[in-house]
Amino acid sequence: MKQLFPVKHVMGYIFSLILSLVALAVVFFDMSFAAGMTILLVAAAIQASLQLFLFMHIDETSSKKTLYLNIVYALFVGLVTIFGSLLAMIWGIV
Amino acid sequence: MKWDEFFVTGEPMIYAADICIVLASLAIIIGLTYFKKWGYLWREWLTTVDHKKIGVMYIISALLMLFRGGVDALLMRTQLAMPNMTLLNAQHYNEIFTTHGVIMILFMAMPFIIGLMNVVVPLQIGARDVAFPRLNAVSFWLFFAGAMLFNISFVIGGSPDAGWSAYFPLASKEFSPSVGNNYYSLALQISGIGTLMTGVNFVVTILKMRAPGMTLMKMPMFTWSILITSVIIMFAFPVLTIALLLMMFDRLFGTQFFTMTNGGMDMLWANLFWVWGHPEVYIVILPAFGIYSEIISTFAKKNLYGYKSMVVSMVAISLLSFLVWAHHFYTMGMGVVGNGFFSIATMAISVPTGVKLFNWLFTLYKGRIEFTTPMLYALAFIPSFTIGGVTGVMLAIASADYQYHNTMFLVAHFHYVLIPGTVFAVIAGMHFWFPKIFGFRLNERIGKIAFWFIAISFQVAFMPLFFLGLNGMTRRMYTYSPETGFGPLNMIATIGAFGLAIGFIFLVYNIYYSFRYSPRDTTGDPWDGRSLEWATHSPVPEYNFAIIPTVDKLDAFWFAKQDKKSLFEGKKIEEIHMPNNTGGPFVLGVVFFFLGFFLVFSWWIPAIISGVVVLILLAMRSFERDHGHHIHVEEIVETEQKLRGDNA
């Protein structure tokens with residue numbers, strides 16, 4: 001029974017909930033912009049790697065080529081969306 | 001809340017719809033009971049995890065939604081047929097163009113394509129089902145729950161009325177206080193989750209479950225298009241999910257993401273919507289390209305010209321599709337740099353699209369062309385879609401777009417790409433793969449009558465809109481005065497719309513007629529096809545292939561037929577492991593429907609209960625053990641003999 005219970009996943013789930021609460025705390029506690037941003041970025045980075053390694057099994061793949069291709073595509077879409085939005089919403093406006 | 005706020009009242013058309021809904025529901029319930037079909041419905045359809053049946057359910061839903069969206073279109077066209085018509089008032093017209101757009105894109109085009117890919121892709125790659133059959137059923141039932149939730153809005157609570165793009169601030173609580181846009185946000189979220197899971201499912205299916213020997217570059221073009229579409233779905237739909245979530249928070253919980261005050265940004269909605277929305281148009285067009293590639297090469301009796309360039313241009317389109325979204329709001333005032341960038345990126349898309357068009361033309365060149373119904377749609381697609389594409393390049397020029405923006409010219413453009421592109425493709429695909437699913441072809445004569453009605457009426461209905469747009473008629477105006485001079489062209493467009501309706505009636509009648517009278521196909525390969533789906537029997541047995549075929553080149557089935565060889569040589573029939581049917585996905589869909597419905601009306605206690613039930617169902621699934629079942633060799637041999645028609 002012990003090996004059947006997914007301890008790692010339950011822990012990962014609880015940990016991701018805690019990280020979400022930490023991010024939420026930034027709104028409720030009065031802190032400087034820099035401090036808040038630091039907490040958010042650190043929490044986001046941990047959260048992302050938690051999801052990638054624990055739930056998406058990124059380290060278990062056999063073909064590194066597809067993996068890198070996938071990450072590059074995801075980064076491409078993500079960065080284009082962020083910087084494109086900034087261009088359209090803020091930088092471009094004169 | 002009083003009952004007259006709950007039900008929509010005061011319009012004779014709505015009362016008629018109420019009566020129709022009640023009568024139709026009663027007819028279905030009485031019919032099922034009288035013919036004792038409840039058990040059949042539950043066992044064979046509601047609980048199925050078979051990709052073919054799920055595909056058929058998607059296509060039936062899509063046809064129903066085509067009818068719903070089509071009636072919306074006819075009402076709008078009738079209202080616009082002459083100046084100062086009073087069939088619809090402004091509010092009713094707003095609701096109708098909103099539901100027409102949402103339903104046609106998300107609940108007609110999408111499920112039709114997902115239905116075809118469900119039916120065809122596993123067969124084309126020689127697999128027995130998709131990678132996650134049960135997840136596939138969940139996808140369908142979530143889509144269906146979302147679609148039904150959206151569809152009841154016009155009789156219960158009122159439909160959304162801020163356009164299919166639901167721009168803020170108009171779609172905010174402040175300016176749209178009715179529950180209409182709550183329906184929009186919740187129904188689309190629920191069905192969007194289903195679509196996202198379909199994307200994941202098909203990426204895994206295509207990457208992991210291809211028949212031995214079928215490398216990526218030996219896959220049929222339709223499968224390639226679905227792989228790329230699924231990748232776009234995976235990257236685009238999360239944006240919509242989050243945007244709709246923020247919209248829900250703004251409308252239900254009083255947050256300020258898209259408001260004009262308190263640090264909110266109304267145009268951010270438009271931005272996020274189109275970050276999803278532009279890739280979405282490629283999600284509905286790329287599978288259409290795949291369908292046309294299959295049909296054109298089958299009926300020109302030639303292999304597809306420029307296979308590699310077809311693949312490369314689809315990959316290029318998938319990357320570019322994420323680079324162009326801001327061309328939907330050039331006039332927002334994002335500055336010269338922004339407009340310039342998105343303008344050039346948009347025009348760049350026409351290059352890979354042009355490559356594909358020329359490849360189809362070269363495939364046709366010197367081919368032995370058979371003018372079957374699916375081929376007619378493919379041939380009508382090429383010139384019509386080109387008009388849509390060329391006007392798209394006109395719209396892509398940011399400075400010129402200041403003239404075209406929000407006029408009927410734009411409406412004509414996107415109908416010219418979506419109807420010959422997607423709608424003709426799914427109809428052609430339905431005719432093409434129909435014998436595979438049901439074992440008989442649709443009648444060619446009625447099919448061609450329907451084709452000519454649809455193809456000609458389409459031009460009659462939408463060509464005038466280009467000129468109306470250039471004359472200054474804006475979209476979404478519910479009426480106009482005689483002095484504008486818009487009358488005659490609008491009348492022509494309305495005649496075309498009714499012609500389209502007649503064509504679709506022929507199409508549906510053809511299904512009934514062929515079901516009754518069409519000769520049954522015993523070969524499994526009625527069109528002399530090229531890819532693996534034609535290598536098995538029609539209708540396809542539960543397990544698809546008794547023996548998994550071995551492939552050594554593109555169109556292996558075609559070449560095997562030429563060389564009088566078999567793809568199944570050297571292998572014995574073995575026991576087949578198949579997934580079990582389950583009622584779980586259906587129940588999950590029903591609970592999600594109620595969750596959405598209660599949230600729409602902000603009935604918190606029932607909503608929380610439904611939400612908890614969803615969580616319980618998911619948790620139960622985690623602890624459920626279901627190892628599927630095995631089909632034994634004798635049973636397979638028996639089925640195969642029966643399907644071959646010999647009784648030995």
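This is a predicted model: local features need pLDDT of at least 70, side-chain atom pairs count only at pLDDT 80 or more; totals for chains, interfaces and linings use all residues.
A residue is termed buried under 20% relative accessible area, exposed over 50%, and partly exposed in between (1.4 Å probe, protein chains only).

Residues are numbered from 1 along each chain as its sequence is written, chains are lettered from A and ligands numbered from 1 in the order in which they are written, and side-chain values use heavy atoms, with hydrogens and water left out.

A salt bridge requires a side-chain nitrogen of Lys or Arg within 4 Å of a carboxyl oxygen of Asp or Glu. Over all chains, eleven salt bridges are counted, including the following.

| Pair | N to O distance |
|---|---|
| Glu44(B) and Lys53(B) | 2.7 Å |
| Glu370(B) and Lys301(B) | 3.2 Å |

Glu370(B) lies in the loop between α11 and α12 of chain B and Lys301(B) in the loop between α9 and α10, so this pair ties together parts 69 residues apart in sequence. Through shared partners, salt bridges join Lys301(B), Glu370(B), Asp525(B), Asp528(B) and Lys561(B) into one network. Helices are DSSP runs (H or I, at least four residues), numbered from the N terminus.

Of the 34 residues of α9(B), 31 are buried, so the helix is largely enclosed by the rest of the structure.

Notes: Helices (H or I, at least four residues) and strands (E, at least two) are DSSP runs, numbered from the N terminus.
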